[in-house]
Amino acid sequence: MAKKPPASDIDESRLRVSDRKSTAVGIPAVLHALQISQQQMGTVRSLRTLSRVNQKDGFDCPGCAWPEEDKRHLAEFCENGAKAVAEEATVRRVGSDFFADHSIAELRAHDDWWLGQQGRLTEPVYREEGDTHYRPVSWDAALKLISDALRTLDDPDRAVFYTSGRTSNEAAFLYQLLVRGIGTNNLPDCSNMCHESSGSALTETIGIGKGTVSLEDIHQADLLIVAGQNPGTNHPRMLSALEKAKHRGARIIAINPLPEAGLLRFENPQTVRGALLGGTAIADDFVQVRLGGDQALFHGIAKHLLEAENTTGGVLDHEFIAAHTSGIDAFRALIDDVSWADLEVASGLTEDEIRRVGEAVRTSRATIVCWAMGLTQHKHSVATLRDVVNVLLLQGNIGRPGAGVCPVRGHSNVQGDRTMGIYEKPSEDFLRALGEEFSFSPPREHGYDTVEAIRAMRDGRVDVFMCMGGNFVSATPDTGVVEEAMTRVGLTVQVSTKLNRSHAVTGRRALILPTLGRTDGDRRGGRDQRVTVEDSMGAVHASRGRLAPPSKELLSEVAILARLCAAVFEADGAGSEVTPRADWAAMESDYALIRAHIAKVVPGFERYEERIQKGRSFFLPNGPRDARRFATVDGKARFTANRLEYPRIPPGRLLLQTLRSHDQYNTTIYGKDDRYRGVYGGRRIVLIHPEDVAEMGFADGDMVDLVSEWTAPDGSVRERRAEAFRIVPYATPRRNAAAYYPETNVLVPLESVADVSNTPTSKSVVVRLEARDQASSPTPSS
């Protein structure tokens with residue numbers, strides 16, 4: 001029997017705040033995961049489903065992309081992984097009766113929590129222009145609507161195709177083939193909003209846009225620097241790897257504006273130490289850098305290393321630098337010129353604090369730097385990450401055991417999607433191989449990334465927008481602009497497992513195509529199909545769901561795309577040198593045929609089918625890691641000279657970062673709490689240093705509007721407003737603040753992006769606080 005979904009949105013008047021936690025996971029995490037699993041799936045279904053998460057014969061967790069060891073635990077998942085599984089494997093259902101009862105306007109009035117809690121979508125639905133409700137539509141009719149719209153475009157660049165990070169390798173490969181067969185490279189994806197800065201910096205400096213370490217490297221490291229990242233909430237299984245490294249003698253330094261429980265102490269519920277003896281202290285040192293001050297810190301680390309080399313010698317790896325790098329002279333000159341006083345102002349740290357980190361790096365035998373959104377979503381993020389590479393190159397910490405760069409990816413196959421060609425700027429080598437395999441000429445002109453796609457929709461230059469998973473409206477910056485832009489599109493198509501806000505903010509016509517999830521069994525062509533994914537460290541493995549699908553009407557993403565390719569490229573005898581040729585029906589019935597095509601197009605996938613047998617994983621080639629081989633412009637790892645940058649905060653203003661609560665993954669809201677930060681029952685809070693609260697004339701619990709201020713290139717100041725946030729005094733750096741997204745995405749201007757990567761600057765939002773009429777605001781609890 002289906003569990004009853006909630007009948008109301010989050011009631012912010014019930015919000016209460018208590019002390020933040022100093023430990024993460026433990027028995028409370030187990031109990032909370034089981035509670036949500038029981039609510040969504042029931043007891044028997046929970047046990048059957050959770051026992052297969054991340055197992056060699058099971059399915060890949062639909063949450064984060066953290067890798068597994070070859071030897072798996074019986075419970076190879078974390079609290080948030082269990083919640084992600086419960087969300088997808090819920091027994092709640094959304095069918096045609098739901099859409100008959102709820103107008104699109106009503107859906108738009110609900111919050112992301114309520115929408116997500118309604119359950120799994122079970123049949124295709126369509127909104128014709130002028131309709132107030134979605135109504136059922138057959139698969140054939142739905143796919144014909146899409147194919148007709150695509151085949152009659154005046155210009156293929158008037159179509160945009162977005163991808164979330166959960167799409168399988170097989171579906172992603174077919175998706176990009178469809179798009180390039182139509183004649184465009186408009187393939188924005190979620191990478192554009194998270195790790196695009198990492199890819200830009202790493203490709204330029206070491207020749208590959210991925211990390212260079214394996215899980216075993218994490219275990220072997222002498223020093224692990226975890227910067228701009230909160231593993232306890234965003235990648236909880238990473239804590240097990242950090243714990244293992246710690247027990248092997250590693251030193252761990254946490255660099256972050258906020259003290260996060262997961263980097264203070266980890267109570268591993270799968271060990272006696274974690275469950276009964278108080279767990280493991282993770283960070284040996286917590287360095288509270290100000291928002292946007294990480295580049296200054298890494299400049300300071302480099303300055304300390306270079307000064308020590310000049311004084312005592314023996315610090316730099318001269319053999320590695322001479323044989324494998326270029327550009328050190330310009331980098332050294334820039335670091336020599338930067339003053340300690342400027343580094344202190346930019347980082348918010350003292351010289352002694354910076355040197356303390358520098359000394360840990362100097363004495364380390366093998367160093368890894370891990371990072372996430374805290375480093376990638378600033379204007380100067382690419383420069384910051386170039387400087388991370390600079391510090392590692394000084395001591396030869398790339399391409400040897402226990403050392404390297406570790407950008408920790410978020411969604412479970414976001415890295416695999418990029419490997420499969422989901423990229424608006426594909427390489428010539430990839431396009432040439434794709435064209436040869438499918439006998440057509442793919443387009444060469446670069447397409448839109450996410451920000452450019454929003455601008456194109458805003459300006460009326462998009463007729464068709466298709467979204468393969470994800471929640472585009474809630475995930476993107478500048479919410480008001482995005483919502484208005486979506487309404488200007490002729491046809492919007494959402495391929496989804498569950499309801500989200502993107503189904504309520506549509507083009508003039510709109511389709512929702514329900515699809516299978518990771519947990520669902522996928523039987524096609526008389527056999528059980530499997531798909532593959534790539535984890536955050538470049539390992540590829542198979543995933544196979546086992547649950548009966550929520551409806552017989554559901555198609556897999558692969559099946560939807562194979563049928564759409566057939567409708568677009570085979571109708572009316574279509575087919576020429578500019579359209580791909582393939583047996584689409586055969587690929588829909590046997591995903592191994594797609595993998596055979598991938599093996600011929602993408603390097604590293606030779607013997608693809610053989611290498612994923614019996615639950616095995618295989619690593620893709622990685623030049624820097626495997627052979628200290630760097631595919632850069634000069635064939636060497638490149639030191640770069642990056643001038644010092646950091647955000648300036650005007651008087652009376654704060655610098656805001658957007659972040660997740662603990663009961664959240666990306667835009668999916670699992671619950672109403674953030675227990676590690678002591679927030680319960682609500683989400684509209686803003687964390688501010690107590691002295692800043694008093695200095696600005698406010699008090700704990702006051703209700704305010706957050707108003708962002710951004711100075712455009714023409715000198716005008718543009719504002720955005722997010723209403724009704726409760727002030728929570730918190731241990732942030734002075735003049736820094738934090739609040740949850742997607743509620744605060746409205747504050748991030750579309751034009752405020754990182755240099756080079758074009759990533760929205762969601763960690764560098766200048767805001768002022770405006771007192772709110774208490775009578776019109778919800779009354780929070782204390």
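Is Cys194 buried or exposed? At 16% relative accessibility, Cys194 counts as buried, because the cut-off for buried is under 20%. The model is predicted.

**Cysteines**

The whole structure holds 0 disulfides. Cys61 takes part in none, and the nearest cysteine sulfur, in Cys78, lies 6.1 Å away. For Cys194, the closest cysteine sulfur belongs to Cys190, at 5.3 Å, which is too far for a bond. A disulfide needs the two sulfur atoms within 2.5 Å. Cys61 also counts as buried, with a relative accessibility of 6%.

| Cys61 | 6% | Cys78, 6.1 Å |

**Nonpolar cores**

The largest nonpolar core has 62 residues. Which of them touch the most other members? They are Leu150, Phe161, Tyr175, Leu178, Met466, Leu513 and Phe605.

Phe605 belongs to the largest core. Beyond its neighbours within four places in sequence, Phe605 is in contact with Thr419, Met420, Val540, Ile598, Ala599, Arg611, Phe618 and Leu620.

**A helix pair**

Helix H22 spans residues 428-438, and helix H28 spans residues 591-601. Their axes come within 9 Å and cross at roughly 135 degrees. H22 and H28 are therefore oblique to each other. Their crossing is right-handed. Which residues meet there? From H22 come Phe430, Ala433, Leu434, Glu437 and Phe438. From H28 come His597, Lys600 and Val601.

Conventions: Residues numbered from 1 in each chain as written. Predicted model: local features only at pLDDT ≥ 70, side-chain atom pairs only at ≥ 80, totals over all residues. Heavy atoms only, no water. Buried < 20%, exposed > 50% of the residue type's maximum accessible area, 1.4 Å probe, protein only. Core = buried A, V, L, I, M, F, W, Y, C linked by side-chain atoms within 4.5 Å. Contact = heavy atoms within 4.5 Å. Axes fitted to C-alpha atoms, helices over the stretch in contact; angles between N-to-C directions. Helix = DSSP H or I, 4+ residues; strand = E, 2+ residues; numbered from the N terminus. Parallel < 35°, antiparallel > 145°, perpendicular 65-115°, else oblique. Left-handed = near helix turned anticlockwise from the far one by under 90°.
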